[in-house]
Amino acid sequence: MTKPNTAAAGPAGRVVFLAGRGNLPMMEITTAWSTAEIYLHGAHVTHFQRKGDAPLLFLSQCSRFENGKAIRGGIPVILPWFGAREGLGQHGFVRNAAWELQEIASESDDSVSVRLAFSPGPAAAMHPPFEASYVVTVNDQLELELIVTNTSATDTLVFENCLHTYFFVEDITAVSVHGLKGAAYLDKTANQARRTETDDAIRISSEVDRTYLDAPGAVEIEDARIGRVIRVEKENSASTVVWNPWVAKAQQMADFGNEEYRNMICVESGNVSANRIELPPKQTSRMKVRLGSAPLS
Ligand code: TA6
């Protein structure tokens, strides 16, 4: 294991520490298959790209990179709640906070793993006590594991988690999302109306903001323009959220370009709403997400 704050060079994997956008500390990871970028701010993965492939993740050209603000794009880590909370920030507080680098492992197969830990600050003080760590493993895929421990000796920790992944697409009108047929979902564009997915292939031609519940299965994003299929595999994630802001919402977001809705789709993996987690005292919850891509056959 390499101590933090040094460039790690494994058999072929490499981690370099840089001052990223907004001068925020970030790690640039190179493997035989791919490159990735992770900011300590929010433990935010902002880039993953397999050699010869288009970037897997979307990152807004208008994103802010400043403490206390969420980065727009990449993979926001959402904890300990999803969505709005009266008088509190949306999507919890860990995505706006600095995480600590705990260790870097460069495996013999050229994978590079980075483990980060959430260091509770003032924002966490008003919330029941928990510890969180996040392991990002980079090879020809991107594997993410979000680990939450209830540090209370007496109380159950009720929380939501979500890896709010923004995927890059060439043209949203040539994209379809597969794997959610038959799942119940809450439609945020219709005041959280409860509906059932009837389509094998979900296509986007207006704002879509759906929380699919009891949906633990893999989801695929087919991009006909790039000619690739992105596969999202999950362990211990019962919810999938599909979001594209479309025109009006895109214009309302200061940290998102008016036309950028054409080049992104969020397919988010977590445990939200009725799938929230109730974690007994001193217990640990682990959620794993694996992101890969292949040519569209
Ligand atoms: O995951 C979908 C969603 O909840 C949308 O409703 C929209 O609010 C999006 O998250 C982005 O939220 P943010 O707080 O990052 O602007």
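## The loop holding Pro80

Pro80 sits in the loop between strand 6 (77-78) and strand 7 (99-106). Strands here are DSSP runs of E with at least two residues, numbered from the N terminus. The peptide bond from Leu79 to Pro80 is cis, with omega near 0°. Most peptide bonds are trans, and most residues other than glycine have a negative phi.

This is a predicted model: local features need pLDDT of at least 70, side-chain atom pairs count only at pLDDT 80 or more, and totals for chains, interfaces and linings use all residues. Residues are numbered from 1 along each chain as its sequence is written, and side-chain values use heavy atoms, with hydrogens and water left out.

## Two positive phi values

Asp110 has a phi near 85°, a positive value in a residue other than glycine. Asp110 lies in the loop between strand 7 and strand 8 (112-118). With a relative accessible area of 5%, Asp110 is buried. Buried means under 20% relative accessible area, exposed means over 50%, and partly exposed is in between (1.4 Å probe, protein chains only).

Asn191 also has a positive phi, near 55°, and is not a glycine. Asn191 belongs to the loop between strand 15 and strand 16 (193-196). Is Asn191 buried or exposed? Asn191 is exposed, at a relative accessible area of 73%.

Ser111 is in the loop between strand 7 and strand 8. Ser111 is buried, with a relative accessible area of 3%. Its side chain makes a polar contact with the side chain of Asn139, at 2.9 Å. A polar contact is a pair of N or O atoms within 3.5 Å; within protein, one must be able to donate a hydrogen and the other to accept it, and residues adjacent in sequence count only if both atoms are side-chain atoms.

Leu279 is part of strand 23 (residues 277-279). Its relative accessibility is 6%, so Leu279 counts as buried. The C-alpha atoms of Leu279 and Ala218 are separated by 24 Å; these residues are 61 apart along the chain.

## Aromatic pairs

Rings of Phe, Tyr and Trp (its six-membered ring) pair if their centres lie within 6.5 Å; planes under 30 degrees apart count as stacked, over 60 as edge-to-face and the rest as tilted. By this rule there are 12 aromatic pairs. Tyr185 and Tyr212 form a tilted pair, 4.9 Å centre to centre with 45° between the planes. Tyr185 lies in strand 15 (residues 184-187) and Tyr212 in strand 18 (residues 208-213), so the pair ties together parts that are 27 residues apart in sequence. Tyr185 and Tyr212 are both buried.

One aromatic cluster is formed by Trp81, Phe93, Trp99, Phe118, Phe130 and Tyr134.

## The ligand site

Which residues are around the ligand? They are Arg72, Phe82, Gln90, His91, Arg95, His164, Lys188, Asp209, Val241, Trp243 and Glu268. A residue counts here if one of its heavy atoms lies within 4 Å of the molecule.

For Arg72 the distance to an oxygen atom of the ligand is 2.9 Å. For Lys188 the distance to an oxygen atom of the ligand is 2.7 Å. For Glu268 the distance to an oxygen atom of the ligand is 2.8 Å. The protein covers 86% of the 390 Å² of accessible area that the ligand has on its own. Such areas come from the Shrake-Rupley method with a 1.4 Å probe; for residues, only the protein chains shown count as cover.

Technical notes:
Helix = DSSP H or I, 4+ residues; strand = E, 2+ residues; numbered from the N terminus.
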